[in-house]
Amino acid sequence: MAKINDNYLKLKAGYLFPEIGRRVRAFAEANPSAKVIRLGIGDVTRPLAPAVLKAFHAAVDDLGTIDQFAGYGPEQGYDWLIDAIIEKSYKPLGVSLKTDEMFISDGSKCDCANILDIFALDNVVAIGDPVYPVYNDTNVMIGRTGEADEKGYYKGIVYLPCNEENHFIPSLPTEKVDIIYLCFPNNPTGTVATKEELKRWVDYANANDAVIFFDAAYEAFITDPEIPHSIYEIEGAKKCAIEFRSFSKTAGFTGVRCGLVVVPEEVMGTTSTGERYSFNKLWLRRTTTKFNGASYPVQRAAEAVYSDEGWKQTKEIIDYYMENARIIREGMKEAGLTVYGGVNAPYIWLKTPAGMTSWDFFDKLLNECNVVGTPGSGFGPSGEGYFRLSAFGHRENVIEAVERIKRNLK
């Protein structure tokens with residue numbers, strides 16, 4: 001008899017976005033004339049940049065010719081894309097990487113989950129709270145945890161609260177941990193970490209022989225020149241950090257799918273017999289065994305993002321979303337709400353008014369403003385009492401949603 005992976009039964013299975021969908025559908029059925037504006041899920045709405053689309057079309061055309069046809073490519077990505085990213089995105093930061101330290105994938109969501117394949121189950125994991133749910137759930141799925149308690153914390157994971165008191169930057173753990181998830185600019189809070197704050201984490205990781213998983217999916221939205229875009233801008237990080245990046249929000253690839261992982265050769269782990277071994281070699285082995293690579297047209301489209309024309313157009317789209325973020329942030333302040341984020345990230349993190357729960361505030365916005373956001377409690381227990389709005393909307397909808405909230409909350 002085939003047996004299931006019982007670890008999946010521990011999950012608070014998909015309760016957040018399906019529940020949002022259920023409540024929105026029920027509202028729409030009861031109010032068919034209401035125009036509901038969605039500022040919740042972080043999907044993009046702007047089309048691909050023209051230069052990117054042109055490269056995409058050209059690559060598809062290549063597949064129709066004998067001379068240019070591309071079949072299986074290198075599982076870890078084409079050198080011409082990797083070298084373009086290193087040259088255009090990392091070198092300007094003062095970061096030097098080798099071609100074989102970067103791996104092209106079909107998205108950082110998958111990478112954040114798949115990276116666990118090369119780490120032993122008895123590693124102790126630390127995760128911020130609130131946090132992108134994939135970090136938590138994938139550790140549950142592979143069997144690293146026990147059951148969840150009444151708050152939703154899983155036994156076996158070290159949770160690091162992120163709140164107003166610590167400016168949504170997690171404090172160093174009081175116990176020794178082996179794997180640390182950091183996400184900056186942060187999803188869901190929209191906050192960023194300074195070089196000094198990241199240096200504390202790098203120093204901790206090197207002192208404790210730990211590895212940092214650094215999710216930099218939103219680095220392109222940073223506007224403050226003093227805020228680091230990569231963990232490798234921090235001295236010592238190439239010895240202890242694995243970085244994830246995504247084209248999803250940067251270039252509108254949410255449906256196209258492309259991301260990357262940087263695994264420096266210097267990041268080492270210990271075998272069961274005490275020997276040191278490079279995680280880069282393990283990730284290469286895992287990638288070449290379990291993945292056939294992102295498609296040729298997608299990688300050509302990604303390469304075009306870093307052309308002079310492509311980056312100029314891509315930056316205009318990013319600026320469009322960040323103007324949305326400014327409109328939302330300032331509008332929420334005018335509505336009397338306490339607001340975080342939205343300056344170096346496309347997410348705005350609100351404190352719910354009058355001590356309302358996250359779900360009560362969700363219902364209030366839906367019923368009184370016909371606006372959909374995301375309850376903070378869906379990102380972890382420390383997200384209770386907060387609420388996330390996304391800047392990935394059409395400008396006219398963003399303006400209308402903000403006006404509705406200002407009008408109805410005052």
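Is Val52 buried or exposed, going by its relative accessibility? At 1% relative accessibility, Val52 counts as buried (buried is under 20% relative accessible area, exposed over 50%, partly exposed in between, with a 1.4 Å probe and protein chains only).

## What you're looking at

This is a predicted model, where local features need pLDDT of at least 70, side-chain atom pairs count only at pLDDT 80 or more, and totals for chains, interfaces and linings use all residues. Residues are numbered from 1 along each chain as its sequence is written, and side-chain values use heavy atoms, with hydrogens and water left out.

## The chain overall

The chain holds 11 helices and 15 strands. Both are DSSP runs numbered from the N terminus: helices are H or I with at least four residues, strands are E with at least two. The radius of gyration is 22 Å, which agrees with the value near 22 Å that a compact globule of 410 residues would have (taken over C-alpha atoms; the globule rule is 2.2 Å times the number of residues to the power 0.38). Along the principal axes, the C-alpha trace spans about 60 × 55 × 55 Å.

Of the 410 residues, 55% are buried. Among contacts with a separation of 6 or more, 73% come from residues 24 or more positions apart, a contact being heavy atoms within 4.5 Å. The accessible surface comes to about 18,300 Å², and 51% of that belongs to carbon and sulfur atoms (Shrake-Rupley method, 1.4 Å probe; for residues, only the protein chains shown count as cover). As for charge, there are 45 positive and 55 negative side chains, and the centres of the two sets lie 3 Å apart. Lys and Arg count as positive and Asp and Glu as negative, while His and the chain ends are not counted; each charge is placed at NZ of Lys, CZ of Arg, CG of Asp or CD of Glu.

Two strands pair if DSSP finds at least two bridges between them. Strands of a sheet pair through backbone hydrogen bonds, either parallel or antiparallel.

Strand β12 (residues 347-351) is mostly covered, with 4 of its 5 residues buried. On one side, β12 pairs with β11 (residues 338-341) in the antiparallel sense over 4 bridges. β11 and β12 make a hairpin with 5 residues between them, and Gly342 in the turn has a positive phi of about 75°. β12 is also joined to β15 (residues 386-390) by 5 bridges, again antiparallel, with Trp349 opposite Arg388.

Leaving aside neighbours within four places in sequence, Val52 is in contact with Phe253, Ala301, Ala304, Val305 and Thr314. Lys249 is 197 residues away from Val52 along the chain, and their C-alpha atoms are separated by 14 Å.

Val124 belongs to the loop between α4 (108-114) and β3 (125-129). Val124 counts as partly exposed because its relative accessibility is 28%. Not counting residues up to four places away in sequence, Val124 touches Val158, Lys176, Val177, Asp178 and Ile179. Asp178 is 54 residues from Val124 in sequence but 5.1 Å away in space, C-alpha to C-alpha.

## Backbone spots to check

The loop between β5 (179-183) and α6 (195-207) contains Pro185 and Pro188. The peptide bond from Phe184 to Pro185 is cis, with omega near -10°, and the one from Asn187 to Pro188 is cis too, with omega near 25°.

Which value does phi take at Phe168? It is near 65°, positive in a residue other than glycine. Phe168 lies in the loop between β4 (157-161) and β5 and, at 2% relative accessibility, counts as buried. Ala354 also has a positive phi, near 55°. This residue is in the loop between β12 and α10 (358-369), and Ala354 is exposed, with a relative accessible area of 83%.
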